[in-house]
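Dear colleague,

Please find below the structure that I am handing over to you.

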Amino acid sequence: MNETKVYVDELPESCWDCFCQDSENGRCKILGKYVDYVPKDCPLVDVKTHDRELVAKVFEKIKSKFNYYELVDEIKEEIDFDKMKNYILDQIQKGV
């Protein structure tokens, strides 16, 4: 399966309208095969969809980090939550 992704602002309505379509032989320039329908392995991804998926992943990481720290109820008074939240967000941004 081809793992190449091409992010576009707007998806074409059909393969014939696609910039990847080779007009001479009807082959997809990226997949290297003849297509006259949108294949399951089409590399085009709507950038808005990508952004939504990325935001969802980041929020899941944030939630999982905060859920871990919520388990320490008995020491909540001793924790600077604003400092901890900033630390966690910095770690997520760095990819940790």
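Among contacts in the chain between residues at least 6 apart in sequence, what percentage join residues at least 24 apart? The figure is 45%. Please bear in mind throughout that this is a predicted model.

Overall architecture

The chain contains two strands and two helices, and their order from the N terminus is β-β-α-α. Of the 96 residues in the chain, 22% are buried.

V8 is a residue of strand 1. It is counted as buried because its relative accessibility is 11%, and the limit for a buried residue is under 20%. Leaving out residues up to four places away in sequence, V8 touches F19, L44, V45, D46 and V47. Of these, L44 and V45 fall within the span of strand 2, residues 44–46. For V8 and V45, which are 37 residues apart along the chain, the C-alpha atoms are separated by 6.2 Å.

The loop between the strands

Several of the residues examined belong to the loop that runs between strand 1 (6–8) and strand 2 (44–46). Q21 is one of the residues in this loop. Is Q21 buried or exposed? Q21 is buried, because its relative accessible area is 10%. Once its neighbours within four places in sequence are set aside, Q21 is in contact with C15, W16, G26, R27, C28, K29 and V35.

D9 also has its place in the loop between strand 1 and strand 2. In contrast to the buried Q21, D9 counts as exposed, because its relative accessibility is 63%. Together with E10, E13 and D17, D9 forms a negative surface patch.

V38 is likewise located in the loop between strand 1 and strand 2. With a relative accessibility of 52%, V38 counts as exposed, since the class begins at values over 50%. The C-alpha atoms of V38 and P12 are separated by 9.6 Å, and these two residues are 26 residues apart along the chain.

Charge pairing

Side chains of opposite charge can pair when their charged atoms come close. How many salt bridges does a search of the whole structure find? The search finds one. The salt bridge is formed by K33 and D41, with 3.2 Å between the closest N and O atoms. K33 is partly exposed, as its relative accessible area is 32%.

Helix 1

F59 is a residue of helix 1, which covers residues 47–69. Which accessibility class does F59 fall into, and why? F59 is partly exposed because its relative accessible area is 49%, whereas a residue has to be over 50% to count as exposed.

In summary, the points I would draw to your attention are the contacts of V8 with residues including V45, the buried Q21 in the loop between the strands, the negative patch of D9, E10, E13 and D17, and the salt bridge between K33 and D41.

With kind regards

Conventions:
Residues numbered from 1 in each chain as written. Predicted model: local features only at pLDDT ≥ 70, side-chain atom pairs only at ≥ 80, totals over all residues. Heavy atoms only, no water. Helix = DSSP H or I, 4+ residues; strand = E, 2+ residues; numbered from the N terminus. Buried < 20%, exposed > 50% of the residue type's maximum accessible area, 1.4 Å probe, protein only. Contact = heavy atoms within 4.5 Å. Patch = residues over 30% accessible without salt bridge, like charges linked within 9 Å, V, L, I, M, F, W, Y side chains within 5 Å. Areas by Shrake-Rupley, 256 points an atom, 1.4 Å probe, with all protein chains shown as cover. Salt bridge = Lys/Arg side-chain N within 4 Å of Asp/Glu carboxyl O. Lys, Arg positive; Asp, Glu negative; His and termini not counted. Charge placed at Lys NZ, Arg CZ, Asp CG, Glu CD.
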